[in-house]
Amino acid sequence: MIRILARKDLHTLFSAPSTWMMLALLQFILGWFFLARLDDYLQVQTQLAQMDDAPGATISIAAPLANLLALLLMMLTPLFSMRLIAEERRNQTWLLLSTSPLSSAQIVLGKFAGLLALLSLVILAAVAMMALLALGTAADAGLILCNLLGLWLLAAAYAALGLYFSAISRQPVVAAFTALAVSVALWLLEMAGGTLRALSPNTHFQNLNSGLLSSADIVYFILFCVFFLLLTIHHLRRERGGH
Amino acid sequence: MPAPTTLSARNLVCSHGRHRVVDDVSLELRRGEVLGLLGHNGAGKSTTLMMLSGALQPDSGKVEVCDFDLSRRPDLGKACLGFLPEHPPLYRDMRVDDQLLFAARLHKLDKTHLSEHLELAKRRCGLLDHGRRLIGDLSKGYQQRVGIAQAIIHRPAVVILDEPTVGLDPAQIRDIRDLICELGDSSSVILSTHLLHEVEQVCDRAVILREGRAIFNGTLDELRAQSDIESSFLRLNADAGSTPT
């Protein structure tokens, strides 16, 4: 059931011209940034060669690219997630799901999986770009994989958060703006000190971005996703009468 | 021996703020019966149907579909239901076949029976030549047919149709009414409408709603027995302040 819903949502997302335009723009920005960083690196390569502990190509090019994609994911995910439930309500297609024998958990997980599949394609395209470094140098596979995991967990977190605001909003635009506002607020928490800093998804992504694989960061992202998915399921259950 | 009950609703109440949209409505539907839910605009028909279909949680009251309590076993109860809301829930960017197959899968229809059910639903709704067409390109009448096909593709025991003939031309209305009569042979049907003659043509029983309350619940003969059917409806609705269209 989850797979059927995920496949349908992926089809719906891809059948909208706006999705293709956003993906094309995203690839253009990432491609341009990648080439610019590569160019910068090549220009300082001779100076770097003289340093004892010079940063490699992966940390100089791939890590900043992943950092940029993390920022773009924060801004783009609400534009996709708003379509999942809020737009179905506006288009009055929501009744088909709400009166089906599917449980609220199946609906939420199906929609989450559909969006995450789309975001995974975006991430894989960026990681393929990073892997291109292996053509000219000994790329740090560990760092690239760490960034792949970090981006995927971050995308899952933003998808879960966006899905919740899509479920509680009647208007897709309101859902997108609310999810974006909360994502930006969480992102800004990284600049705060102490415990608040630990609440920011970006804080935990930064560790993975620099190649530090810590179970605490992975557990944080899992808990973040579970929290928002449970909130969404609870909201839909109340609306549908405990189903 | 009376036919078994397929749907029963007891003392349904739904409020929006302080306003009671549906107030203590009870009804029962038996196998092979077509029940007309009649009332003026704003009488609470759509809200009642939303509660019967499990889309809306009643403030109090109980709905049972094929002996499954919708609040306790919604998965089993909803599997026995087919619902066409006032606006058919269709994805405009999908093809007719894909939409119907998606609806069938949502109702957990076995893979091996999918194509057989799809063909039958399309044949009954006159959609055999439209399977590859995009729903967004179809006329309102054909979209309504897809909505009905979607509601019956899993051959539910109870079909709920909310004003299925609104906005259609006379030929389309006649086709849809014929289809409802045909559905009544194999399933139980609840049809909401504000057209009295529609109830006369296709229904076995009627429930008349006024301001959220059921003011009549019985057979058409019982309604006729009170006097002429139209004047009965008008009299029962006399306090509503408007006449049926």
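## Close-up views of the predicted model

Opposite Asp69(B) in β5(B) you will find Glu64(B). Everything shown here and in the views below comes from a predicted model. Strand β5 (residues 68–69) of chain B is joined to β4(B) by two bridges, and these strands run antiparallel. The hairpin leaves two residues between its strands, and in it Cys66(B) takes a positive phi near 50 degrees. Cys66(B) sits in the loop between β4 and β5 of chain B, and it has this positive phi although it is not a glycine. Is Cys66(B) buried or partly exposed? It counts as partly exposed, because it has 19 C-beta neighbours inside 10 Å, while a buried residue needs 20 or more.

**The other neighbour of β4(B).** Now follow β4 (residues 60–65) of chain B across to strand β1 (residues 5–16) of chain B: the two pair in the antiparallel sense over five bridges. To find your way between them, look for Arg10(B), whose bridge partner in β4(B) is Lys62(B). As a reminder, strands of a sheet pair through backbone hydrogen bonds, either parallel or antiparallel.

**Asp24(B), a residue with a positive phi.** This view stays with chain B and moves to strand β2 (residues 19–30), where Asp24(B) is found. Asp24(B) is not a glycine, yet its phi is positive, at about 60 degrees. How many other C-beta atoms lie within 10 Å of Asp24(B)? There are 14, so Asp24(B) is partly exposed.

Zoom in on β3 (residues 34–38) and β9 (residues 205–210) of chain B, and you will see a parallel pair with four bridges. One place to look is Leu37(B), whose bridge partner in β9(B) is Val207(B).

**Two domains of chain B and their contact.** The domain assignment of chain B gives domain 1 (1–80 + 158–245) and domain 2 (88–155). Their C-alpha centres lie 24 Å apart. Domain 1 of chain B brings 12 residues to the contact and domain 2 of chain B brings 11. Which helix gives the largest share of the domain 1 side? Helix α6 (residues 170–186) of chain B does, with six residues. Sorted by class, the domain 1 side that touches domain 2 has seven nonpolar, two polar and three charged residues.

**Where chain A meets chain B.** In this contact, 18 residues come from chain A and 24 residues from chain B. On the chain A side, α1 (2–14) and α5 (94–98) each supply at least two residues. This side of chain A has five nonpolar, 11 polar and two charged residues.

**Inside the largest nonpolar core.** The core holds 138 residues, and Leu65(A), Ala155(A), Ala157(A), Ala159(A) and Ala160(A) touch the most other members. Helix α7 (residues 141–168) of chain A gives the most to the core, with 18 residues. Domains 1 and 2 of chain B both give residues to it as well, so the core lies between them. Back in chain A, focus on Ala155(A): leaving out residues up to four places away in sequence, it touches Leu73(A), Thr77(A), Leu116(A), Leu119(A) and Ile123(A).

**Leu109(A) in helix α6 of chain A.** Our last stop is Leu109(A), found in helix α6 (residues 104–131) of chain A. Why does Leu109(A) count as buried? It has 20 C-beta neighbours inside 10 Å, and a residue is buried if 20 or more lie within that range. Look along the chain to Ala126(A), 17 residues from Leu109(A): the C-alpha atoms of these two residues are separated by 25 Å.

Note on methods
Residues numbered from 1 in each chain as written. Chains lettered and ligands numbered in written order. Predicted model: local features only at pLDDT ≥ 70, side-chain atom pairs only at ≥ 80, totals over all residues. Contact = placed C-beta atoms within 7 Å. Nonpolar A, V, L, I, M, F, W, Y, C, P; charged D, E, K, R; others polar. Pairing = 2+ DSSP bridges. Domains from an automatic or database assignment. Core = buried A, V, L, I, M, F, W, Y, C linked by C-beta atoms within 7 Å. Buried ≥ 20, exposed ≤ 12 C-beta atoms within 10 Å, placed from the backbone.
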